[in-house]
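This briefing is meant to be read beside the sequence and the 3D structure. It takes up a few topics in turn, beginning with a question about one loop.

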Amino acid sequence: MGGPLGAIIGRFPTAGPGMDGDSQTDGGIIRHNRRCRDLVFLFVFIAFWVAMIVNSSFGFNQGNPLRLNYGLDYKGNICGDRHGNPDIRELEVKYYMNPNQVYQSGTKDSQFSLADAKTICLMECPLPAEDGVNFVCDYPEGDIHLSVDDWIDRDYDYFEFLTPDMRNSSLQLQGPCYPVIFPSVNVFWSCQYIARASNSSMKHWQQMGGVAIDENMLIDKTIHKAINSRSAVLKRYVADIGKSWPVLIVCGWILPLFLSVMWLLMIRYFVAGMTWITVILFNALIISVTMFYYIKAGWIGNDPLTVVIGASDPYVTITGREINHLRAATILMTIIMIIAFLTSLAIARRILIATSVLKVAAKVIGEVQALIIFPILPYFVLAIFYLFWFSATLHLFSSGQVQKNDCNANCCSYDLKLNKVSCDNCCGYSVHYTPHIGIAILFHLFGCYWATQFILACSSTVIAGSVASYYWARGEISPEIPFLPVFASLRRLARYSLGSVALGSLVVSVVEWIRFILDSLRRRLKYVDTTSENFMGRTVSSSSQCCLGCIDWTLRSINRNAYIMIAITGKSFCKASSIATGLIMNNILRIGKVNVIGDVILFLGKLCVSLFCALFAFLMLDTYKYKSAHNKISSPLFPVLVCWALGYIVATLFFAVVEMSIDTIILSFCQDAEEHQGNAQYAPPLLMETLDGGGPGEMQRLTQGP
């Protein structure tokens, strides 16, 4: 277990001549010859950050977030890109000009791909004429002496200016003008055909001598399949994060900061009622968020999620993966809501114990007042990191290369520059992703998790060192201690223990990512193997997931207590983990009695903050700004989940003041009791009263251990 902590942490004496320089600068709180620990992992963390910057610079150099939202035309331009040729900054909708190419790409065993069908960018999806036939013509160039603005004003139709050769080519569906026979709707910035040809337009087209046009349902399903592919949906989800950045700032940073500080202040001045308020508010919030999911899933009310941008035929129903994902999330939230309500009923009788534990933490916060405002420092560090990380994420996910497809398609189109029909440039353009881009994205995601865990661990370690100073001073502290312990603890962390914190956060991150990779492989194998799994396979899969989940939870618990012992003793991560584990095992009953229910209440408090952020995000995303035009998001699912996650992280940062205060006090009490034959000498009176709540017999059991 190591030497007694009484020899390490003193009673806040004045620095005397017998102390070394380090002790003097710390005011005598910690009298211990510390040295830098786990330096190798600190260098690993620094190298990791260098790699993160290099990895992100690749994304900033190669990526273009417009690719996440908008398609490519037949020239390789990104719709809506001001740097296109021509300038198409106002033309954001991708339109398939030749319906026969769309049909051909959807037929079985066809060598023609939809990616090679001729497409251009428009402002909105064209509609067939009520009497006659409308045309959508190619970008004006060559002998077509029109500006892009004039072309747009003419609804993309300059058929009357075509030469006889151009008209004959257009009637053969080889351009430069193509008839608008089918109505189409804007589905996530691509015009999806509705397989319901206009009789009037078709009749006029046939009278003009145009070639036959297929009216099969494949022209509808082929485009919808491309829009609804897994990769396209993932890109739209990532793009939603970029579109909803004002929501993320308000609901992911400003709101949780305000709510977390308010919760800490209420713990300080209104601790008696906070447990009941937390439980009741949690149930109200989870019910409210679940109801919003029901509304957006279309199961309640008349405001369901729609995949169509702008006006559309009310008799035409178009679905997408986004709606299915939202409905799955609704079912999951319903299950969580029921479990949460039953859990609240189960812990109702234990709430008084949690109140007693929170009173101890409130006492510490009242004495060491800087603990309330200290989390603002790591909060701003996290804010700067996430601004950089989210920006890099948008660029990494869009960092593929726009390249001409290698196709064997047999098709021809009129080239306005060459002024003739050409069969050499039939292949379209696509965004090609190399395997190293996927690795870069995974590394970027892992980096976010490790950096977040590292910052949270640093904050927890500083708080633990501050609270330990309060405990081992017997509560008899000088007027300077409200701010001194926090600054001294921060200084010790920066000087001695960053390597240990880097190691602890790395261990949790690696285990969590092993779980993620194994789960991804399990889903991939299940998707590939169409045969039913046998009982043994399902059992092994479920058991491995359960074991990894238990290991992850255990490591998180050990890490939290290890950070406490690092702050107190200055030991390395492994040594501090050993000390903390020994204390826990020797005093499992006393820690379990007063700590488990307190952790549950704190967890519910974090969920209250994050659920309130999710609820407010739903309200902001339900406004007209995010339901129309280019700001329309594909689904509120990802922005709401990100706001929930950010709210939970910020709440964890601030709630660690209470959480680490309780854990540090309890661990210090256990060590104190072991050093003094079962009678804690440094415990504050309020802690003794809390542990003495069960009577003399209970107190004797607590101090003697199991």
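This is a predicted model: local features need pLDDT of at least 70, side-chain atom pairs count only at pLDDT 80 or more; totals for chains, interfaces and linings use all residues.

Between which two strands is the loop that holds F188? F188 lies in the loop between β5 (184-187) and β6 (190-193), and W189 has its place in that loop between β5 and β6 as well.

- Most residues other than glycine have a negative phi.
- F188 has a positive phi near 50° although it is a residue other than glycine, and W189, also a residue other than glycine, has a positive phi near 70°.
- F188 counts as buried because its relative accessibility is 6%, and W189 is likewise counted as buried because its relative accessibility is 5%.

**Salt bridges**

- The count of salt bridges in the model comes to ten, and the pairs described below are among them.
- The side chains of R236 and E322 meet in a salt bridge with an N to O distance of 2.8 Å. Since R236 belongs to helix α9 (residues 230-243) and E322 to helix α12 (residues 321-346), the pair ties together parts that are 86 residues apart in sequence. Both R236 and E322 are buried.
- K118 is paired with D138 in a salt bridge whose closest N and O atoms are 3.3 Å apart. K118 sits in the loop between α4 (99-106) and β2 (119-122), while D138 sits in the loop between β3 (134-137) and α5 (148-153), so this pair ties together parts that are 20 residues apart in sequence. K118 is buried, with a relative accessible area of 6%, and D138 counts as buried at 1% relative accessibility.
- R89 forms a salt bridge with D87, and the closest N and O atoms of this pair are 2.9 Å apart. R89 is partly exposed, with a relative accessible area of 42%, and D87 counts as partly exposed at 34% relative accessibility.
- A network of salt bridges links R560, K606, E659 and D663.

**Helix α19**

- Helix α19 (residues 573-586) has 14 residues, and the distance from its first C-alpha to its last is 20 Å, close to the 20 Å expected at 1.5 Å a residue.
- The buried residues of α19 are F573, A576, S577, I579, A580, L583 and I584. Because they cover an arc of only 165° around the axis, they lie on the same side of α19.
- Exposed residues C574 and M585 are carried on the face of α19 that is turned away from its buried side.

- The C-alpha atoms of Q174 and V421 are separated by 7.6 Å, although the two residues are 247 residues apart along the chain.
- Q174 lies in the loop between α6 (164-171) and β4 (177-180). With a relative accessible area of 24%, Q174 is partly exposed.

**Spans listed in the UniProt record**

- The unreviewed UniProt entry lists several spans as "transmembrane region", including residues 39-60, 245-267, 274-295, 368-389 and 493-518.
- In the model, residues 368-389 are 82% helix and 0% strand, and the end C-alpha atoms of this span lie 34 Å apart.
- Residues 493-518 are 100% helix and 0% strand, with end C-alpha atoms that are 35 Å apart.

Conventions:
Residues are numbered from 1 along each chain as its sequence is written. Side-chain values use heavy atoms; hydrogens and water are left out. Helices (H or I, at least four residues) and strands (E, at least two) are DSSP runs, numbered from the N terminus. The expected span of a helix is 1.5 Å times one less than its number of residues. Buried means under 20% relative accessible area, exposed over 50%, partly exposed in between (1.4 Å probe, protein chains only). The arc is that of the directions from the helix axis to the C-beta atoms. UniProt positions are given in the numbering used here, feature names are shortened, and annotations may be inferred rather than shown by experiment. A salt bridge is a side-chain nitrogen of Lys or Arg within 4 Å of a carboxyl oxygen of Asp or Glu.
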